[in-house]
Amino acid sequence: MGSTDIDLTPYMNLLVVLAPFLLVTAVFERLAALEIYLPQPTAAEAAAGAKPPGKPEDQLLLTISIADQGILLANGAQLLSFVPSTSAGYDLPALSSALQQLKSRYPTADTAAILSKGTVPYETLVAVMDATREALVTVDGQKKRYILFPNISLGEVQ
Amino acid sequence: MKSGPRLSTRRSTGTVSTFLTLTSLVDLFTNLVLFLLYNFSAEGSTIPSAERLKLPQSVTEQRAETTVTVMVTQSDIFLGGRRITDTGSVMKTDELLIPDLKKELDFEAKRGKYFASLTPDTPFEGRITILGDKHIPFRLLEKVMFTCSEAEFGQIDLGVLHKELT
């Protein structure tokens with residue numbers, strides 16, 4: 001028996017002390033924040049005034065309405081598409097792909113308004129906000145975050 | 001005299017090596033400690049663990065800042081740990097403004113502005129974080145948000161738990 005073994009006892013002592021300490025203080029859940037975009041009235045008016053009158057179709061005033069049977073996408077007063085609910089609830093993957101198509105048509109648009117009824121649970125609202133903010137797209141086999149419409153304002157629809 | 005020679009033979013031939021194989025245990029502990037150190041947050045947990053507060057999950061990457069927090073559980077509304085009112089009476093009225101919350105928020109705004117006047121580098125931004133239970137209806141959230149913006153807290157963040165985008 002060649003005595004070339006390293007004496008691990010002090011190291012073990014350290015680990016045995018450190019591991020429970022870190023386990024106790026570990027934070028596995030992280031508090032994050034979802035910022036709500038406030039449409040500034042002056043900025044909105046300025047944008048409305050500065051809008052080139054000849055090309056209103058270039059503007060996207062995206063409204064996402066959470067209705068009973070599904071989610072409505074509209075550009076101002078013009079209805080764009082309707083994402084019907086499945087038996088499991090709102091079809092968020094379909095909503096995400098519809099929004100990705102919209103984003104590719106209007107690459108510069110980054111604002112959206114989510115209108116929901118007063119009875120919509122907060123959890124559903126956050127899930128729709130998530131789908132509106134960003135999507136995970138697969139490009140060449142790699143998954144990438146794709147920012148859609150990060151500036152979201154909230155509103156109520158009767 | 002018989003025991004003497006027997007002891008001596010045991011000592012000479014029977015050297016039983018009693019080493020524990022600690023390598024795997026050390027590996028385990030090292031990995032665990034490194035993982036925990038990597039996740040270690042000096043700020044500690046800022047997630048309130050109220051009785052009826054289950055935050056929704058979101059994929060947002062933005063970190064929550066330490067601001068004034070309004071906590072909306074299914075039964076009560078809290079401002080910075082103090083109970084302000086119950087949600088039942090708030091939901092009964094059609095009025096968007098919550099008067100009790102407005103009063104307290106006005107006081108918070110005044111205090112925030114006073115501190116901001118002492119430190120010119122940090123102006124009063126009116127940031128507020130709303131921690132809402134995931135089952136509360138949007139109507140209630142809307143009322144709280146309206147009251148916050150009425151009380152000069154215009155920069156509203158919704159507090160959520162981080163989850164990975166899948």
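## Chain B: contacts and overall make-up

In chain B, 69% of the contacts with a separation of 6 or more are between residues 24 or more positions apart; two residues are in contact if their C-beta atoms, placed from the backbone, lie within 7 Å. The model is a predicted one, in which local features need pLDDT of at least 70, side-chain atom pairs count only at pLDDT 80 or more, and totals for chains, interfaces and linings use all residues. Residues are numbered from 1 along each chain as its sequence is written, while chains are lettered from A and ligands numbered from 1 in the order in which they are written.

Chain B contains five helices and six strands, where helices (H or I, at least four residues) and strands (E, at least two) are DSSP runs numbered from the N terminus. Along the sequence, these elements follow the pattern α-α-β-β-β-β-α-α-β-α-β. Of the 166 residues in chain B, 26% are buried. A residue is buried if 20 or more other C-beta atoms lie within 10 Å of its own, exposed if 12 or fewer, and partly exposed in between, with C-beta atoms placed from the backbone.

## Local features of chain B

Strand 3 (residues 76-79) and strand 4 (residues 82-86) of chain B run antiparallel and are joined by four bridges; two strands pair if DSSP finds at least two bridges between them. Within this pairing, Phe78(B) has Arg83(B) of strand 4 of chain B as its bridge partner. The hairpin of these strands of chain B has two residues between the strands, and Gly80(B) takes a positive phi near 55 degrees there.

Gly88(B) belongs to helix 3 (residues 87-92) of chain B. Gly88(B) is exposed because 10 other C-beta atoms lie within 10 Å. From C-alpha to C-alpha, Gly88(B) and Arg52(B) are 14 Å apart in space, and they are 36 residues apart in sequence.

## Chain A: make-up and sheet

Chain A has four helices and eight strands, which run α-β-α-β-β-β-α-β-α-β-β-β from the N terminus on. Of its 158 residues, 20% count as buried. In chain A, 56% of the contacts with a separation of 6 or more are between residues 24 or more positions apart.

Five strands of chain A form an open sheet in the order 4-3-2-5-8, with mixed pairing. Strand 4 (78-84) and strand 8 (151-156) of chain A stand at the edges with a single partner strand each, so one side of each is left without a neighbour in the sheet. On average, neighbouring strands of this sheet are turned by 20 degrees against each other, direction ignored. Axes are lines fitted to C-alpha atoms, for helices over the stretch in contact, and angles run from 0 to 180 degrees between N-to-C directions.

Strand 2 (residues 62-66) and strand 5 (residues 111-116) of chain A pair in the parallel sense over five bridges, and Leu62(A) stands opposite Ala112(A) in strand 5 of chain A. Helix 3 (residues 92-105) of chain A lies across strand 2, strand 3 (70-75) and strand 4 of chain A, and runs at about 150 degrees to strand 4 of chain A.

## The contact between the chains

Chain B contributes 43 residues to the contact and chain A contributes 34 residues. On the side of chain B that touches chain A, the elements giving two or more residues are helix 2, strand 5 (127-132), helix 5 (138-150) and strand 6 (155-162) of chain B. Helix 2 of chain B gives the most to this side, with eight residues. The residues of this side of chain B divide into 21 nonpolar, 15 polar and seven charged. Ala, Val, Leu, Ile, Met, Phe, Trp, Tyr, Cys and Pro count as nonpolar, Asp, Glu, Lys and Arg as charged, and the others, Gly among them, as polar.

Strand 1 (residues 31-35) of chain A and strand 6 of chain B run antiparallel and are joined by five bridges. Leu31(A) has Leu161(B) as its bridge partner in strand 6 of chain B, and Leu34(A) stands opposite Leu158(B) in that strand. Strand 1 of chain A is mostly covered, with four of its five residues buried.

The axes of helix 1 (residues 9-25) of chain A and helix 2 (residues 23-39) of chain B come within 9 Å and cross at roughly 40 degrees. These helices of chain A and chain B are therefore oblique to each other; angles under 35 degrees count as roughly parallel, over 145 as roughly antiparallel, 65 to 115 as roughly perpendicular and the rest as oblique.

The residues of the contact of helix 1 of chain A with helix 2 of chain B divide into 13 nonpolar, one polar and no charged. Among them are Leu15(A) and Leu22(A) of helix 1 of chain A, and Phe29(B) and Leu36(B) of helix 2 of chain B.
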